[in-house]
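Good morning, everyone, and thank you for coming.

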Amino acid sequence: MSSIQWFPGHMTKARRQIQEKLKLIDLAIELLDARIPFSSRNPMIDEILLGKPRLIILNKSDLADPRTTEQWMDQFKREGHVSIAVDSSTGTKVNQIPVLAKEVLHDKIARQIAKGIKPRAVRGLIVGIPNVGKSTLINRLAGRSIAATGDRPGVTKGQQWIKVGTEMELLDTPGILWPKFEDQLVGYRLAMTGAIKEQILNVEDIAFFAMKELSQRYWDTIAGRYELEVPPPSDMDDPDEIVRIMEAIGRKRGCLISGGRVDLEKASGVILRDLRSGKLGRITLEAPEFA
Ligand code: G4P
């Protein structure tokens, strides 16, 4: 799924598929990667959702810097959106999602109650770019109570709904969006976090880019993690300085070839694996001012 090549035709189709489902739901649940909320966001999301109420989820928050995650939630609040940070892999905070979905739809629900209508379960659709964690979240929300509730009035025949407790239902297939990959910076950040696989971008290039970003924002973290005894890059725009750090890491991790030289490709693999798995600590690559 992550190596989908997005062409204009695919984007049109993906957009149409989501817009067909919008008729069935009360709100969209937009999933972002908490480490790269800007780069993991679809550039046309406002137009695609056609004004449908939205709940923003910062997923993979277990891997992200908690202070920056707070800043992002403040930013979304300023933009008028309700948001929450979750970890779908363990389920942390996931049980808040139905509560917040009702908060997003508060006015609509209040109007129904005022008219004497008993509000039914809130219906949602999860949307997001490949690898952001849509399936993991759906499975987590479904829990053991996974139950198809299709074939009812107002529900497309054959469309499967997943019950999330008694107050929420989810369409069982998520809406797949495309990232802003035409922006090179965005492409590298998606690759660093593993959303784009290495066959598209070269592993050494991705690790070089990662090292540059990490040296700027998280030098102490990486120096501590790899027990580096070298100074930080003196000039972040000097490629030799970044490669010097990559080599120092490679040496520490025993990525050597004959003659004692560092195997940069192997070192790159180590750096990216450590970054993606959270071994370097909780790292966020984009703060709200970037957006
Ligand atoms: P998608 O449907 O949006 O394409 O994403 P999916 O659920 O398949 O999740 C992609 C990867 O992200 C999975 O790793 C999944 O376990 C991981 N993931 C999802 N949510 C979280 C989270 O909140 N925290 C963390 N740490 N990881 C999360 P994977 O199975 O190892 O896939 P891959 O790495 O081989 O792509």
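Which atom of the ligand is 3.3 Å from an N or O atom in the side chain of S89? That atom is a nitrogen atom of the ligand, and a polar contact here is a pair of N or O atoms within 3.5 Å, where within protein one must be able to donate a hydrogen and the other to accept it, and residues adjacent in sequence count only if both atoms are side-chain atoms. This is a predicted model, in which local features need pLDDT of at least 70 and side-chain atom pairs count only at pLDDT 80 or more, while totals for chains, interfaces and linings use all residues. Residues are numbered from 1 along each chain as its sequence is written, and side-chain values use heavy atoms, with hydrogens and water left out.

Staying with the ligand, a polar side-chain atom of N59 lies 3.1 Å from a nitrogen atom of the ligand, and a polar backbone atom of V132 is 3.3 Å from one of the ligand's oxygen atoms.

Let us turn to D26, which lies in the loop between α1 (8-22) and β1 (27-33), where helices (H or I, at least four residues) and strands (E, at least two) are DSSP runs numbered from the N terminus. D26 is buried, with a relative accessible area of 7%, and buried means under 20%, exposed over 50% and partly exposed in between, using a 1.4 Å probe and protein chains only. The side chains of D26 and K108 are joined by a polar contact of 3.0 Å, and a polar atom of the D26 side chain lies 2.7 Å from the backbone nitrogen of R123.
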